[in-house]
Amino acid sequence: MKLESLTIAKIHQLLKEKKLSALELSNQFLEKIEKDDKKLSAFLTVDKELVLSQAKEADRKIKRKEEVSVLTGIPLAVKDNILVENLKCTAGSKVLKDYFAPYDATIIKKLKKLGVVILGKTNLDEFAMGCSTENSAFGPTKNPNDLTRVPGGSSGGSASAVAANMAVCALGSDTGGSVRLPAAFCGTVGFKPTYGAVSRYGLIAMASSLDQIGPLAKTVEDAQIIFDAIKGKDVLDSTSVQVKKMNYDFKASQLKIGIPKEYFKKDIDSKIKTLVKAAIKKYEDLGSKVEEISLPHCTDYALAAYHIINSCEVSTNLARYDGVRYGSLKGKSLMDLYLKNRGQGFGFEVKRRIMLGAYALSAGYYEAYYLRAQKVRAKVKEDFSKVFQKVDLILTPATPFLPFKFGEKKDSLSMQLSDIFMVAVNLAGLPAISMPCGKIDNLPVSFQIIGKPFQEEVIFKAAKNYERGK
Amino acid sequence: MISDKEVQHIANLVRIELKKEEAKKMQKELSLVLDYVEKLKKIDVSKVKIDFGPVKIENVFRRDFPEKEDEARIKKIIKMIPEKEENYAKVKSILK
């Protein structure tokens, strides 16, 4: 049986019809990981015994005709900044290299209850900071489409695992594009929910006003199945909100799609532009109304504001890694303990953001940097609100360039440009999907659909329309 | 260009020890980003009300009532503390 052809819906059918057992399925994926992960390095932890016990439990449920969900027995990979009890959770950092999760993240609890089989923890840029997974303290992950190129980041391990069929689906976290970008670079679907739609309890915090957990999968339906399973208000995350089911249905011909002119004026690979324009044409052919719109603050200005806001929140969230509760180096004094653990435990990119954040928040600079960035954030939100009065969805390229080679982006500024079409979405807290729309010299290209707050259903429906039309 | 004195000052504030080459690289990188974000000054934000969050912000309350934590979980957390004594994390003295 070809692992490439397996989706959640297909597996569920096979399991129900007893043509396959969850144990057989998990063993196939474990073999695939054993065979291919040496060259891809997508996984940081794979606990065989745990996988098999979960699979056996899934089979027991199916046999006894107990409460079985569409996710029962489904092999899922989890980004290593989401806590899965008793498994290591490193956040891709030396500081947490021996940290074992003492509890499950809320969404993991939900998925375990539904009978998912967690295959293992995937590689990421350290503390989710980066666009290529090159910042992992444990080595980079490779892009399955071209082993000399990055899989994107920070959820590179998750994207690579799904694209290489080492998992049916995966979880990642998206703060400035970290689910959508690696999905685009690897050729999978990547989805970021509205801020608050999914609980962040048990997600190692990076930037608390930007972080969201999202699925990476082979099809839009699979991504939606996972989103539906993990969404919901959580008493342990005060920023979480109950997403209400939408009351209406709509046809493709009723959709109004906005194309932001500023996004297409930027430095984009011309072949990417061509493929994205072809995707737009497909929507027109389906009957959707396409019109040009303007988002004046949502590319360069949004990226500049993001640099500051992200770094400021990072500097606060990572203050806890001081060698007292986390870390392993001893110090001669308290100050020495701090300086050593943080100096030697963190990688360069993490240190850079902590320092930039502290600078932007410090006396004398707070107003010029942090306050100003938050005001620009309000302008970004305003741009979107204005436009969403006229259109239902916004369609943009996902990335300005194709997956690049290892070591190609020599500084953080050029690295962060990978996210130029994505960060405004996090600043405004909107939902968005990156959807594969073709290849250039075997390298995947995707477009992005951005939706109104809590209208994930509209995005999924529109993305499915495109998928079906292919 | 941010000065190396400023770099040292921030490194001290955030309790991070930087090696000499790292400090130099940090100086370059920080200056690069600070130059890039200068563009934010071009935007007229005089009439903007600050927005600290992505979507609507609402205060969420609960009763100030201590809840009993799971014993097994407490044990797991304590097990991972680098230096400890009984159930306490051990720290070097702060006050002399």
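How many residue pairs are in polar contact across the interface of chain A and chain B? The rule finds 11 of them, both residues at pLDDT 80 or more; a polar contact here is a pair of N or O atoms within 3.5 Å, where within protein one must be able to donate a hydrogen and the other to accept it, and residues adjacent in sequence count only if both atoms are side-chain atoms. This is a predicted model, where local features need pLDDT of at least 70 and side-chain atom pairs count only at pLDDT 80 or more, while totals for chains, interfaces and linings use all residues. Residues are numbered from 1 along each chain as its sequence is written, chains are lettered from A in the order in which they are written, and side-chain values use heavy atoms, with hydrogens and water left out.

Let's stay with that interface. The helices H10 (300–317), H11 (334–345), H12 (348–361), H13 (367–387), H14 (412–416) and H15 (423–428) of chain A each bring at least two residues to the side that touches chain B; helices are DSSP runs of H or I, at least four residues, and strands are runs of E, at least two, numbered from the N terminus. H13(A) gives the largest share, 12 residues.

In total, the contact (heavy atoms within 4.5 Å) takes 68 residues from chain A and 49 residues from chain B. Together the two chains bury about 5,400 Å², 71% of it on carbon and sulfur atoms; that is the accessible area (1.4 Å probe) that two parts lose on being put together, summed over both. In chain A, Phe348(A), Met355(A) and Arg372(A) lose the most area to chain B.

Charges meet here too: the rule finds three salt bridges across the interface, each a side-chain nitrogen of Lys or Arg within 4 Å of a carboxyl oxygen of Asp or Glu. Lys330(A) and Glu83(B) form a salt bridge, at 4.0 Å from N to O.

Now for the cysteines. There are zero disulfides (pairs of cysteine sulfur atoms within 2.5 Å) over all chains. Cys186(A) counts as buried at 4% relative accessibility, where buried means under 20% relative accessible area, exposed over 50%, and partly exposed in between (1.4 Å probe, protein chains only).

Asn86(A) has a positive phi of about 70° without being a glycine, and is partly exposed at 48%. Ala128(A), also not a glycine, has a positive phi of about 65°, but is buried at 4%.
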